[in-house]
Amino acid sequence: PGGFYLWLDVGDGKEFAQRLWREAAVKTLPGAFMAQPDGVNSANPGKRYIRVALVDDEATTEDALKRIAQALG
């Protein structure tokens, strides 16, 4: 039981998602792709995040999360 997605603050979601795919073979989605500017200051509230879909079997998900943790260093 629990959430289907994990949102991680990585500083720059787009840059980190690209690096994660390139260096760790893990696909994630930049949070900015799932949000819009808030209208107050035109900042995209998802810019700092990646969205990780927890959709595979437990062993594959655990392996991917370990590679994400390594990339976060």
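The model is predicted, so local features require pLDDT of at least 70 and side-chain atom pairs count only at pLDDT 80 or more, whereas totals for chains, interfaces and linings use all residues. Residues are numbered from 1 along each chain as its sequence is written, and side-chain values use heavy atoms, with hydrogens and water left out. Helices (H or I, at least four residues) and strands (E, at least two) are DSSP runs, numbered from the N terminus.

**Nonpolar core**

- The largest nonpolar core consists of 11 residues: L8, V10, F16, A17, L20, A24, V26, I50, V52, A64 and I68. Such a core is a set of buried Ala, Val, Leu, Ile, Met, Phe, Trp, Tyr and Cys residues joined through side-chain atoms within 4.5 Å; buried means under 20% relative accessible area, exposed over 50%, and partly exposed in between (1.4 Å probe, protein chains only).
- Two or more residues of this core come from each of α1 (13-24), β3 (49-53) and α2 (58-72), and α1 gives the largest share, 4 residues.
- Beyond its neighbours within four places in sequence, V52 is in contact (heavy atoms within 4.5 Å) with F4, Y5, L6, L8, T28, L65 and I68.
- In soluble globular proteins, nonpolar side chains tend to be buried together.

**Helix α1**

- The 12 residues of α1 reach 15 Å from first C-alpha to last, close to the 16 Å expected at 1.5 Å a residue; the expected span is 1.5 Å times one less than the number of residues.
- G13, F16, A17, L20 and A24 are the buried residues of α1. They lie on the same side of α1 because they cover an arc of only 100 degrees around the axis, the arc being that of the directions from the helix axis to the C-beta atoms.
- β2 (29-30), β3 and α2 are among the elements covering these buried residues, while the face of α1 turned away from the buried side carries the exposed residues R22 and E23.
- At the start of α1, a side-chain oxygen of D12 comes to within 3.3 Å of the backbone nitrogen of K14. After α1 comes A25, with a positive phi near 55 degrees.

**Helix α2**

- The end C-alpha atoms of α2 are 21 Å apart, in agreement with the 21 Å that its 15 residues should span at 1.5 Å a residue.
- T61, A64 and I68 are the buried residues of α2, and they fall on the same side of α2 because their arc around the axis is only 65 degrees.
- These buried residues of α2 pack against β1, α1 and β3; on the other side of α2, E58, A59 and Q70 are exposed.
- D57 caps the N-terminal end of α2, with a side-chain oxygen 3.1 Å from the backbone nitrogen of A59.
- G73 follows α2 with a positive phi near 55 degrees and counts as exposed at 92% relative accessibility.

**Aromatic pairs**

- The whole structure holds 2 aromatic pairs. Rings of Phe, Tyr and Trp (its six-membered ring) pair if their centres lie within 6.5 Å; planes under 30 degrees apart count as stacked, over 60 as edge-to-face and the rest as tilted.
- The F4 and Y5 rings have centres 4.5 Å apart and planes at 80 degrees, so this pair is edge-to-face.
- The W7 and Y49 rings have centres 6.5 Å apart and planes at 70 degrees, so this pair is also edge-to-face. W7 is in strand β1 (residues 5-9) and Y49 in strand β3, so the pair ties together parts 42 residues apart in sequence.

Definitions and conventions
Polar contact = N/O pair within 3.5 Å; in protein donor to acceptor, adjacent residues only side chain to side chain.
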